[in-house]
Amino acid sequence: MRETENEAWWLRKREELLEIADQNLNAYVYDLASIERAVKNMLSLESVSRVLYAVKANFNADVLRTLAHAGADFDCVSPGEVDRLRDVLPDRADGRVLFTPNFAPRDEYEWGFNEGLRVTLDNLYPLKAWPELFAGQEIFVRIDPNKGGGHHEHVVTVGAQSKFGVSLDEIDELERLVKAANTKVIGIHAHSGSGILDPGNWHSVAMELLQVATRFPDVNVLDLGGGIGVPAQRDDPVFDLDSLDSLLVDFRKSHPQYKLWLEPGRYLVSGAGVLLTHVTQLKGKGDMRYLGVSTGINSLIRPALYGAWHEIVNLSRIDEPATESVTVVGPICETGDKLGSDRTFPNSEENDVVLIANVGAYGHVMSSRYNLRDIPPEITI
Ligand SMILES: Cc1ncc(COP(=O)(O)O)c(C=O)c1O
């Protein structure tokens, strides 16, 4: 039985959040129970045998520990991410890691194999240029399935405009290079984009990967990647996990020799994170009404980078009627320092606490000290 929440956790825990905001000008807050619930929901899928959390989405230590205890494994894209996991998980995490570097230098592949990690190859170049590294190794190969999508062009990871994956028209050459290097391909991998809400996507990807897998007799895993979307607005329908499961169960019935893995980042952590900040100033200019808060795109770049929409509320006045339309801006010296445009807000005052929702993924990890502003601390509850 999958658990769902009728009300956002941050409404239920409003008093606790206001207390945290009392002590911190700005702060990322993560609700660990939400992460645990999301992992359990995904692990309950009958069709999926492993869920690998994409560490890039959020590498906070408590978040990683929670994911590990709930049963997630891990996808790492750099040695730094592997090191982070090793620091955080005392029982050594290596057996739970898939290492998927991309356009990385030779040394990183050598390092991955020497450390005993399961390595994913995402381009033919390493096999051609450094076949000696791959001799006797068992690897995953990342394919560009030419099917996918995403919430913004920057996160679509298929097609010629995307740098990722071995193209379907390179499979003959892949087969030849794998034989020449005396390598075994044991898994076929794809990640088709981010923020995809159609459960049919992963079934289409599985069908594409199947075509490739049949060419390599040692393959026993199809890793269908991440990209599972989360609703931007509280009233939007949530991702239909049941429908994903029934499509993939059908696939497994026809192709039981392949285990299916998923690699979600956003789905497991996005909703668990909020950014708390404070109203600094208010201003009218022409038709515009600006509501200033104490941190900006240095803490949360997604609205500027992807045009991402995040719910923003005045947490201090959550029960007051929303009466005016404001654009929420931070203190960063950029016109693009807008966290949200045309938001209806109650009459707000300096020092009110403002909450930005759904920032547990690709939030703090993408923050910077631009303008030499401080990066908010991360607090887990
Ligand atoms: C290889 C790989 N796997 C998984 C993910 C996770 O994607 P998401 O957070 O959209 O689930 C990404 C994201 O870029 C990725 O590159």
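This is a predicted model: local features need pLDDT of at least 70, side-chain atom pairs count only at pLDDT 80 or more; totals for chains, interfaces and linings use all residues.
The domain assignment places domain 1 at residues 33-269 and domain 2 at residues 271-380. The C-alpha centres of the two domains are 33 Å apart.

## The largest nonpolar core

The largest nonpolar core contains 94 residues, and Leu355 and Ile356 have the most contacts inside it. Helix H10 (residues 200-213) gives the most to this core, namely six residues. At least three residues of the core come from each of domain 1 (33-269) and domain 2 (271-380).

Leaving aside residues up to four places away in sequence, Leu355 touches Trp10, Leu17, Val274, Leu276, Val313 and Leu315.

## The surroundings of the ligand

The ligand has 16 residues around it, of which Ala54, Ser194, Gly226, Gly265 and Arg266 come nearest. Sorted by class, this shell holds six nonpolar, seven polar and three charged residues.

Which residues of helix H5 (residues 79-88) are buried? They are Glu81, Val82 and Leu85. These residues lie on the same side of H5, because they cover an arc of only 100° around the axis. Gly80, Asp83 and Asp87, on the other side of H5, are exposed.

The cover over the buried residues of H5 includes helix H4 (61-70), strand S3 (73-76) and strand S4 (97-99).

## Positive phi in two loop residues

Phe103 is not a glycine, yet its phi is positive, near 50°. Phe103 belongs to the loop between S4 and helix H6 (106-114). Is Phe103 buried or exposed? Phe103 has 11 other C-beta atoms within 10 Å, and is therefore exposed, since a residue with 12 or fewer counts as exposed.

Asn182, likewise a residue other than glycine, has a positive phi of about 55°. The loop that holds Asn182 runs between helix H9 (171-180) and strand S8 (184-189). Asn182 is exposed because it has 12 other C-beta atoms within 10 Å.

Conventions: Residues are numbered from 1 along each chain as its sequence is written. A nonpolar core is a set of buried Ala, Val, Leu, Ile, Met, Phe, Trp, Tyr and Cys residues joined through C-beta atoms within 7 Å. A residue is buried if 20 or more other C-beta atoms lie within 10 Å of its own, exposed if 12 or fewer, and partly exposed in between; C-beta atoms are placed from the backbone. Helices (H or I, at least four residues) and strands (E, at least two) are DSSP runs, numbered from the N terminus. Domain bounds come from an automatic or database domain assignment. Two residues are in contact if their C-beta atoms, placed from the backbone, lie within 7 Å. A residue is near a molecule or strand if its C-beta atom, placed from the backbone, lies within 6 Å of it. Ala, Val, Leu, Ile, Met, Phe, Trp, Tyr, Cys and Pro count as nonpolar, Asp, Glu, Lys and Arg as charged, and the others, Gly among them, as polar. The arc is that of the directions from the helix axis to the C-beta atoms.
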